[in-house]
Amino acid sequence: MNIQLDKQGRLKHFLGIEGLKRELLIEILDTAASFLSMGSVKKVPLLRGKTIVNLFFEPSTRTRTTFELAAKRLSADVLNFNIGVSSASKGETLVDTLRNLEAMHCDMFVVRHNESGTAQFIAKHVAPHISVVNAGDGRHEHPTQAMLDMYTIRQHKGAFEPLRVAIVGDVLHSRVARSEIHALTTLGVSEVRVVGPKTLIPIGVEGLGVHVYHDLKAGLRDVDVVVMLRLQRERMQGALLPSEHEYFEYYGLSEDVLEVAHPDAIVMHPGPINRGVEIASNVADGSRSVILEQVSNGIAVRMAVMAMTLGALSEYKEGK
Ligand code: NCD
């Protein structure tokens, strides 16, 4: 059984894309679209009276702030806990921290942690009325990032089925890559490629339904979407790479390399970008880059996930 779903098959927690059905992913995208009108999100009273806790055990700017904005646009109250500098460092266990937050009558935990499986662990241990949303766990999954990327792809390309998508760089350490591979294959894109040096491509990744390339130009040929990944130095153990300069030479996205992609290809990156390491500045800021649109779309997509997991949408739809 997928612990993300309730008995009726509705989304209760949002922990990972793996195992979710296409219809549910489309429902998230359509719900996000309903919150966006003319490019901006209006404030709606869907989660009035609810309390959402951002529980971040790892630093983050964009993800935490867009979750916070999303909660506020839904009229919820938001608490931000930066656990690195709070109870955990005083020796309190995770379960004790949760019990205390539950005692404050919270309705949702948005969790980021450097260990894979933390959001799932929390979902199993919280009171039954609480929903848990994974904002990135180790190298496992980052499902809202994948969904905001799917939203951005759909906005630019329409149907998923004809698309070829390349995910380039440090796939090994990337929770974004893992969630995206699940999302893209579930949504039925024609081809998903992962491109990178042997040391940064997980062994057996072909089993997820992707094609592996070690040559950047070959991997980018005729693709419609290029997803660049950051080199996750903080997760690397030992020397997996010669130098950042050499990395750019072989795997950095420059205007010249991008020529081999489809003429209308879009360039994406979850951020934070490392200019001159995985992507040239003029490409990151260029006409094909949709990197900042990804950030904006993150608000509506996170609103959709929060409203769906807290079961707030039926009233909204009826009231319309
Ligand atoms: C990603 C993350 O934290 O996994 N960033 C993000 O959420 N915007 C990717 C990264 O850190 O490189």
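This is a predicted model: local features need pLDDT of at least 70, side-chain atom pairs count only at pLDDT 80 or more; totals for chains, interfaces and linings use all residues.
Biologist: Let's start with the overall layout. Which domains does the protein have?

Modeller: A domain is given as one or more stretches of residue numbers, so look at the ranges first. The domain assignment gives domain 1 as 22-140 + 296-319, and domain 2 as 143-290. Between the centres of the two domains, taken over C-alpha atoms, there are 26 Å.

Biologist: How many residues does each domain bring to the contact?

Modeller: Domain 1 contributes 27 residues, and domain 2 contributes 24 residues.

Biologist: Which three residues of domain 1 supply more of its buried area than any other three?

Modeller: They are Arg22, Leu29 and Arg139, which together supply 31% of the area that domain 1 buries against domain 2.

Biologist: And what holds charged or polar groups across the boundary? I would like the counts first. How many salt bridges and how many residue pairs in polar contact are there between the domains?

Modeller: Here is the general idea. Side chains of opposite charge can pair when their charged atoms come close. In this structure, three salt bridges are counted between domain 1 and domain 2. The count of residue pairs in polar contact between the two domains is nine.

Biologist: Which helices and strands make up the side of domain 1 that touches domain 2?

Modeller: Five elements each supply at least two residues: helix H1 (22-35), helix H2 (62-73), strand E5 (108-113), strand E6 (131-137) and helix H11 (291-309). H1 gives the largest share, with eight residues. Sorted by class, this side of domain 1 has eleven nonpolar, eight polar and eight charged residues.

Biologist: What does arginine 175 have to do with strand E6? I see glycine 136 there.

Modeller: Good eye! Glycine 136 is found in strand E6, and its relative accessible area is 0%, so it is buried. Leaving out residues up to four places away in sequence, glycine 136 touches Val111, Arg112, His113, Glu141, His142 and Arg175.

Biologist: How many salt bridges are there in the whole structure?

Modeller: A search of the whole structure finds eleven. One of them joins glutamate 191 and arginine 193, with 3.1 Å between the closest N and O atoms. Glutamate 191 is buried at 12%, and arginine 193 is buried at 6%.

Biologist: What about lysine 217?

Modeller: Lysine 217 forms a salt bridge with aspartate 256, the closest N and O atoms being 4.0 Å apart. Lysine 217 lies in helix H7 (residues 216-220) and aspartate 256 in helix H9 (residues 255-258), so this pair links parts 39 residues apart in sequence. Lysine 217 is partly exposed, with a relative accessible area of 34%. Salt bridges can also join up: Arg64, Glu68 and Lys72 are linked in a network of them.

Biologist: Finally, how do I read backbone angles? Which peptide bond is cis?

Modeller: For the peptide bond, look at omega. The bond joining glycine 271 and proline 272 is cis, with omega about -10°. Proline 272 lies in the loop between strand E11 (266-268) and helix H10 (281-284).

Biologist: And where do I find positive phi values?

Modeller: Serine 75, which is not a glycine, has phi near 70°. Serine 75 is in the loop between H2 and strand E4 (77-82), and is buried at 16%. Aspartate 222 has a positive phi of about 65°. Aspartate 222 sits in the loop between H7 and strand E10 (225-228), and is partly exposed at 43%.

Conventions
Residues are numbered from 1 along each chain as its sequence is written. Side-chain values use heavy atoms; hydrogens and water are left out. Contact means heavy atoms within 4.5 Å. Buried area is the accessible area (1.4 Å probe) that two parts lose on being put together, summed over both. A salt bridge is a side-chain nitrogen of Lys or Arg within 4 Å of a carboxyl oxygen of Asp or Glu. A polar contact is a pair of N or O atoms within 3.5 Å; within protein, one must be able to donate a hydrogen and the other to accept it, and residues adjacent in sequence count only if both atoms are side-chain atoms. Helices (H or I, at least four residues) and strands (E, at least two) are DSSP runs, numbered from the N terminus. Ala, Val, Leu, Ile, Met, Phe, Trp, Tyr, Cys and Pro count as nonpolar, Asp, Glu, Lys and Arg as charged, and the others, Gly among them, as polar. Buried means under 20% relative accessible area, exposed over 50%, partly exposed in between (1.4 Å probe, protein chains only).
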